[in-house]
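Here is a walk through one protein model, from its charged pairs to its strands. Keep the structure open as you read.

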Amino acid sequence: MGIRGELYTTQVMLENRSYFFNVKENRTGDVFLQVVESKKGEGADFDRHQIAVFAEDMQQFLAGLDDSLKFIEKDRRAKAKARAEKKAAKEAKYGRGDGDKKLVYRKKGDYERNPNDGIKRTGRVVHVVSKREKPAEEF
């Protein structure tokens, strides 16, 4: 047994925080799980939060955790389904075939200036003029 009563320790490191899962034994011989969250605070300090779950309560704790994980997964699937339905409705309303042409807007300076290309340039938006008659070519 370690100095602090540690029987087993494992660490999960993420981007901005770390989790420690410590199995410990107290002075009276009770075994418990200590979950510690540590994240970098202001300056060189670390914010630490911890919970302790005793062995006799572990099954109830894990059942609650499992129920929470099932809810999170169900909610994630429902949101993904709603996004897919919204996207399909949008595509049905506005179309999404290969023949559909999308308008392309460019900022000023993103294009080469050619005064005879049939494009009207005003402000920051480029407008394509479609009904302009081309002058007859002279021979």
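How many salt bridges does a search of the whole structure find? The search finds 5, where a salt bridge is a side-chain nitrogen of Lys or Arg within 4 Å of a carboxyl oxygen of Asp or Glu. The model is predicted, so local features need pLDDT of at least 70 and side-chain atom pairs count only at pLDDT 80 or more, while totals for chains, interfaces and linings use all residues. Residues are numbered from 1 along each chain as its sequence is written, and side-chain values use heavy atoms, with hydrogens and water left out.

Start with the helix. Side chains of opposite charge can pair when their charged atoms come close. Lys 70 and Asp 66 form a salt bridge at 3.5 Å, N to O. They sit 4 residues apart in helix α1, so about one helical turn separates them. Helices here are DSSP runs of H or I with at least four residues, strands are runs of E with at least two, and both are numbered from the N terminus. Lys 70 is exposed, at 54% relative accessible area. Asp 66 is partly exposed, at 36%. The cut-offs are these: buried is under 20% relative accessible area, exposed is over 50%, and partly exposed lies in between (1.4 Å probe, protein chains only).

Move along α1. Glu 73 and Arg 76 meet in a salt bridge of 2.4 Å, N to O. Both lie in α1, 3 residues apart, about one turn of the helix. Glu 73 is partly exposed at 30%, and Arg 76 is partly exposed at 46%. Asp 75 pairs with Lys 79, their closest N and O atoms being 3.5 Å apart. These two also lie in α1, 4 residues apart. Salt bridges that share partners join Glu 73, Arg 76 and Arg 77 into one network.

Ile 51, Phe 61, Leu 62, Leu 65, Leu 69, Phe 71 and Ile 72 make a nonpolar surface patch of about 660 Å². Patches are made of residues with over 30% relative accessible area and no salt bridge; like charges are joined within 9 Å, and nonpolar side chains (Val, Leu, Ile, Met, Phe, Trp, Tyr) within 5 Å. Areas come from the Shrake-Rupley method with a 1.4 Å probe, and for residues only the protein chains shown count as cover. Helix α1 (residues 58-94) gives the largest share, 6 residues. Ile 72 is in α1 and is exposed, at 53%.

Now the strands. Two strands pair if DSSP finds at least two bridges between them. Strand β1 (residues 6-13) runs antiparallel to β2 over 7 bridges, and a hairpin of 3 residues joins them. Glu 6 has Lys 24 as its bridge partner in β2. Next, 9 bridges join β2 to β3, again antiparallel. Arg 17 is partnered by Lys 39 in β3. This hairpin has 5 residues between its strands, and Gly 29 in the turn has a positive phi of about 95 degrees.

Strand β3 (residues 31-40) then runs antiparallel to β4 (residues 46-54), joined by 9 bridges. Val 36 pairs with Gln 50 in β4. The β3-β4 hairpin has 5 residues between its strands, with Gly 43 in the turn at a positive phi of about 75 degrees.

Is Ser 18 buried or exposed? Ser 18 lies in β2 (residues 17-25) and counts as buried, at 12% relative accessibility. Beyond its neighbours within four places in sequence, Ser 18 is in contact (heavy atoms within 4.5 Å) with Gln 11, Val 12, Met 13, Val 36, Glu 37 and Ser 38.
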